[in-house]
Amino acid sequence: MANHAEYIVSPWEIEAYVQSLDVSCLESFGTKSWLDFHKKLALLNQQSVLEITGLREESVMEWFISLKKVFILIYEAIQIDVWKHKAFPHLIVLNGEPSSTFMLFSVLYHEVVVVSLLENILFHCESAETLDDTVIDLIDYAVQRVMMLLNEKSLEIYENVELNNDPNSCLREILEKQKVFEFDIGMRCISILHYLIELSDNIPLCAISRMLAVHDVPYLFVQLIENQPWKKQDEEGETFTYDASWRKIKAEEAGKINKREGQVWFALRELLLNPKCSPYYEITEHRLAQLSKLQRYLHEDVLDQVAPLIELKRWLSYLSMSGTPSSKATCAVQVELLPQIKSSILEKHHKKWKKLAKHQSKYLFTTDASYIKDAAQILSDVYDAEKLDRVEVKRCFSCQEPSKKRCSKCKEAWYCSRQCQVKDWENHKKICDKITKTEQ
């Protein structure tokens with residue numbers, strides 16, 4: 001029998017946690033009941049990651065699907081996104097500089113948690129069974145978040161919030177952390193759109209129409225291939241790739257397709273070649289010009305790594321040689337479903353955002369030490385260092401490979417082997433001594 005220490009949430013608690021979930025209301029943000037709700041979702045997310053990385057039975061996913069609770073995650077992601085733009089600026093105007101980052105961080109991190117859970121659950125085709133009309137809301141949300149990756153300035157979502165010049169201000173720290181969250185959410189939404197596209201045979205036709213006719217996801221994905229937001233270079237010319245965190249690309253990895261890039265290619269292939277999708281996507285002259293750009297990226301190195309893309313390259317070649325757009329989309333007339341979640345939240349709080357912010361200030365900007373202590377106690381399990389170490393993939397300080405061993409002295413540096421630890425010792429020993437002395 002598996003040891004209890006192998007779990008973040010025990011098997012008998014997972015069902016109870018998921019069963020107890022329901023959508024939250026904006027008025028409750030920062031209250032003890034909301035913090036407990038956030039705690040359950042965060043622990044379920046950690047447990048889900050642990051199950052995936054450990055190649056174990058995915059109990060969290062199974063309970064979310066069987067109890068039909070996936071819509072809660074979609075609702076929560078959209079609600080936090082609305083709150084950030086509508087209520088948060090009023091909170092800053094009313095309260096100024098927060099005395100700590102803890103409470104606001106929890107609300108902003110909530111969106112990361114629910115999107116991470118959505119990404120893990122939608123990987124499985126069974127999830128299509130629970131995606132009702134809210135799939136339209138999810139598509140709109142995911143497309144919006146992916147679009148933000150293409151314009152770095154769009155990550156500055158609080159353009160109306162004035163910052164003081166103090167580099168150590170709590171507000172500045174929160175906004176910098178939020179930019180990291182926004183980027184991570186955008187990357188996860190690439191996965192979410194990819195999974196939805198792979199589920200195209202099992203989701204409503206209106207969802208396919210939404211992706212193709214309304215949002216032109218193929219064009220969006222062409223821009224992703226051209227801009228490659230999952231890669232960056234530092235001032236020294238070192239190249240990094242993103243997968244949950246930035247990691248330096250080793251020389252032997254040059255030219256290797258990033259996970260997100262692979263997902264974009266597979267999604268493009270499915271959208272453009274699946275007969276079920278083609279009736280909703282008319283190849284106009286403009287679209288032909290954009291899709292033709294993909295050809296220069298489908299070189300031998302890429303095709304060697306992703307063989308199914310050969311078929312996509314042939315289709316693009318035929319399209320370019322024919323020189324004429326395809327026949328018009330000829331799908332049957334349908335009643336188009338419109339997203340409901342965002343509009344319902346906006347309607348409920350129309351012209352009441354300042355009043356809501358004033359109400360939330362009692363909790364999110366509280367200076368009551370006992371309340372903050374109680375809140376920290378509720379979330380202590382979520383930020384438990386030992387649990388986080390088990391969930392997060394640690395990289396070797398020397399070779400960047402996944403690692404499970406760490407420096408016995410400072411407990412901060414991770415290594416995949418004794419050889420790498422010895423090799424890195426000259427670099428690490430000064431930092432190791434400083435950390436050890438600080439802790440003492």
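Q: What makes Phe-181 count as buried or exposed?
A: Phe-181 has a relative accessible area of 7%. Buried means under 20% relative accessible area, exposed over 50%, and partly exposed in between (1.4 Å probe, protein chains only), so Phe-181 is buried. This is a predicted model, in which local features need pLDDT of at least 70 and side-chain atom pairs count only at pLDDT 80 or more, while totals for chains, interfaces and linings use all residues. Residues are numbered from 1 along each chain as its sequence is written, and side-chain values use heavy atoms, with hydrogens and water left out.

Q: Why is Glu-129 called exposed?
A: The relative accessible area of Glu-129 is 63%, and therefore Glu-129 falls in the exposed class. Glu-129 is found in the loop between helix H6 (102–122) and helix H7 (134–149); helices are DSSP runs (H or I, at least four residues), numbered from the N terminus.

Q: How many aromatic pairs does the rule give?
A: Rings of Phe, Tyr and Trp (its six-membered ring) pair if their centres lie within 6.5 Å; planes under 30 degrees apart count as stacked, over 60 as edge-to-face and the rest as tilted. By this rule the count is 13 aromatic pairs.

Q: Why is the pair of Tyr-109 and Phe-181 called tilted?
A: The centres of Tyr-109 and Phe-181 are 5.8 Å apart, with 45 degrees between the planes. Tyr-109 lies in helix H6 and Phe-181 in helix H8 (residues 170–198), so the pair ties together parts that are 72 residues apart in sequence.

Q: How do you know that Lys-84 and Glu-182 meet in a salt bridge?
A: A salt bridge is a side-chain nitrogen of Lys or Arg within 4 Å of a carboxyl oxygen of Asp or Glu. For Lys-84 and Glu-182 the N to O distance is 2.6 Å, so the pair qualifies. Lys-84 lies in helix H4 (residues 70–86) and Glu-182 in helix H8, so parts that are 98 residues apart in sequence are tied together.

Q: What makes Lys-84 and Glu-182 count as buried?
A: Lys-84 has 0% relative accessibility and Glu-182 has 2%, so both count as buried.

Q: How do you know that Arg-287 forms a salt bridge with Asp-216?
A: The closest N and O atoms of Arg-287 and Asp-216 are 3.2 Å apart, so the pair meets the salt-bridge criterion. Arg-287 lies in helix H12 (residues 285–292) and Asp-216 in the loop between helix H9 (205–214) and helix H10 (217–227), 71 residues apart.

Terms used:
Helices (H or I, at least four residues) and strands (E, at least two) are DSSP runs, numbered from the N terminus.
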